[in-house]
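I opened this entry to look up charged side-chain pairs and the layout of the sheet. The notes follow in the order I checked things.

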Amino acid sequence: MNVPRLVIAAPSSGSGKTTVATGLMAAFAGRGLAVSPHKVGPDYIDPGYHTLATGRPGRNLDAYMCGPDRVAPLFAHGARGCDLAVVEGVMGLYDGASGQGELASTAQVAKVLRAPVVLVVDASSQSRSVAALVHGFASWDPQVRLGGVILNKVGSQRHEALLRDALDESGLPVLGVLRRAEQVAVPSRHLGLVPVAERRGDAVGAVEAMREQVVAGCDLEALMALARTAPALPGEVWDAAEAIDGCGGPVPLPVSVGDRSPVAPVVAVASGAAFTFSYAEHTELLAAAGAEVVPFDPLRDEALPQGTRGLVIGGGFPEVYASELSANAALRKAVATLAESGAPVSAECAGLLYLARSLDGLPMCGVLDAGARMSQRLTLGYREAVAVSDSVLAAPGTRVRGHEFHRTVLEPGAGADPAWGMHQPERRVEGFVQGGVHASYLHTHWASAPGMARRFVERCAG
C-alpha cells in the first residue's frame, strides 16, 4: 500500500510529541483528509485524543507485544483508504524495551514503516546547542530518515532566529515553530494524561487548541510533501477474520435459540470513563470470531446487556471511580452472578480490581477473594508470560508478551490457579483463573494471539 505517512518523534518524553502529533492529525482532518492515527507502544490514553482529532480509531503499533513483523500489517489495516497517516512515537526516538536494543522503539517502527521522521525538540532552554542535538539524532542510525524538525516551546522571535540560524548548518529543514501555550496543556495524574472519556468537553477544547497552534506554527504543505516521500509499503494487510481463521479450521456456529437460526453470542465489553483502556483490534477479533460485541458503562448501567454470555473488562481508572462503581450495587451483583454461572469473563488490570472483593475499602463485585488498594509504587513495563492454568483465554503453556501499568496492589496477587507465570523482571505467578474467569494485571494485545479471542468466543457459544 502507498499511504503518505509521518512519524512524530522527540529526543525525550515531555518534548511535545502528543501536542504536535494530535495537532497535525486535527489540522489535516480539518482540511477534509482522511487521517489514520497511530501510537507507538502500549499507551491507551494518547490514542483517545487521536480519535477525537481524526474521527477514526487510534491504533497502537507495538513491536514488543505484537512482534516487528506485525507492525506494518497492523498499520496497513488502520491506514487502509486514508489520505495520510500520522504516527506518534514513544519516549525518546531510540528508546525501546529495556535492555533489548531498538526493540519497540520509535526508530524501529519508523524503519519498519519506511516512514520519514519529524523530530519535535523542546527548545525552551537552548539556542545553538539545538544543532548539535539534532545532528546527533540524525546521524545515530543511518536507516532512520530524519526529514525535519519542529521546535517547541520557543520563547520569542529572537529565540526563534537563534535556533533557525543554528539549524541552518545541520541541513535539516525547520518544519514548524511552536510558542509556549498553556491552553494546550492536558491535565495528567498518576498514570499519565487524563483520558478523553473523563473530560470530553475539555478534551475537545484541548485538541482544538493543539490544531490551532500547529496550523499557526507549522508548514503543513511541507509536512505533507515529506509524508509523500514515503515509498510503497510492501506486504500483507492485517485482517481480523483471517487472523481468526488462521487459528485453525472454521469458526464453530454460534448458539441457537429454540428453532430459530443461530445467533451470535453477546459479549459485553466494559466502557465509559472508568474503563478506557482497550485496543481497537480486540473488539474486531471478537466480532470476527462470531460474537456480537455490546459496550456498556459500569458507572451508569445497572444491568449487563440483554443476553450477555461473556464479559470483557479492560483497563482504566477504577480507583478514581471507586465510589461510583461501588454504589452501582445492581451491576456488581449482575457481574458476580454471571461469573458464578461459569460464563467466560476476561478482566485486565482495572477489570481485575473491579472483580475483587474491595478497592480502597469499598465493595466491588466480590468475584475474587482479594482486596485492592492504591500504592505509591508504579508497576510499569513489558512482561513475558506463560499461561499456568487452563482458562477461557489460553491453554496451559501458551506464551504471550504483555504490559503492566498500575499503582495498585492486590492481596493476594494470585489465586489457587494463577493466570500467568511471569519471566521478567522476576519470576512469579500472577492473576486468577476461577471457573470461567480469567483476571490479571497483564495487558495483552490479541492481534499477537488471536487464538485468545477465538477461544473466548467459542466458550461463550458453547
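**Entry 1: Arg 59 and its partners.** I started with Arg 59, which forms a salt bridge with Glu 281; the closest N and O atoms are 3.2 Å apart. This pair links distant parts of the chain, with Arg 59 in strand E3 (residues 59–61) and Glu 281 in helix H10 (residues 280–288), 222 residues apart. I note that the model is a predicted one.

I then looked for a further partner and found that the side chains of Arg 59 and Glu 284 also meet in a salt bridge, 2.7 Å from N to O. Here too distant parts of the chain are linked: Arg 59 sits in E3, Glu 284 in helix H10, and 225 residues separate them.

**Entry 2: accessibility of these residues.** Is Arg 59 buried or exposed? Arg 59 counts as buried, because its relative accessibility is 8% and the cut-off for buried is under 20%. Glu 281 is buried as well, with a relative accessible area of 1%. Glu 284 has 24% relative accessibility and therefore counts as partly exposed.

**Entry 3: a second site.** I found a salt bridge between the side chains of Asp 46 and Lys 39, at 3.2 Å from N to O. Asp 46 is buried at 7% relative accessibility, and Lys 39 is buried at 4%. I also recorded a network of salt bridges that links Lys 39, Asp 46 and Glu 88. For the structure as a whole I have a total of 21 salt bridges.

**Entry 4: the sheet.** In what order do the seven strands of the open sheet run? I read the order as E3-E2-E4-E1-E5-E6-E7, with parallel pairing. The edge strands are E3 and E7 (174–179), each of which pairs on one side only. On average, neighbouring strands of this sheet are turned by 25° against each other, direction ignored.

I checked one pairing in detail. Strand E1 (residues 5–9) and strand E5 (residues 117–122) run parallel and are joined by three bridges. Ile 8 stands opposite Val 118 in E5.

**Entry 5: helices across the sheet.** Helix H1 (residues 17–30) lies across several strands, among them E2 (35–40), E4 (84–88) and E6 (146–154). I noted its direction as about 165° to E4. Helix H8 (residues 220–227) lies across E1, E4, E5, E6 and E7, and runs at about 110° to E1.

Terms used: Residues numbered from 1 in each chain as written. Predicted model: local features only at pLDDT ≥ 70, side-chain atom pairs only at ≥ 80, totals over all residues. Heavy atoms only, no water. Salt bridge = Lys/Arg side-chain N within 4 Å of Asp/Glu carboxyl O. Buried < 20%, exposed > 50% of the residue type's maximum accessible area, 1.4 Å probe, protein only. Helix = DSSP H or I, 4+ residues; strand = E, 2+ residues; numbered from the N terminus. Pairing = 2+ DSSP bridges. Axes fitted to C-alpha atoms, helices over the stretch in contact; angles between N-to-C directions. Contact = heavy atoms within 4.5 Å.
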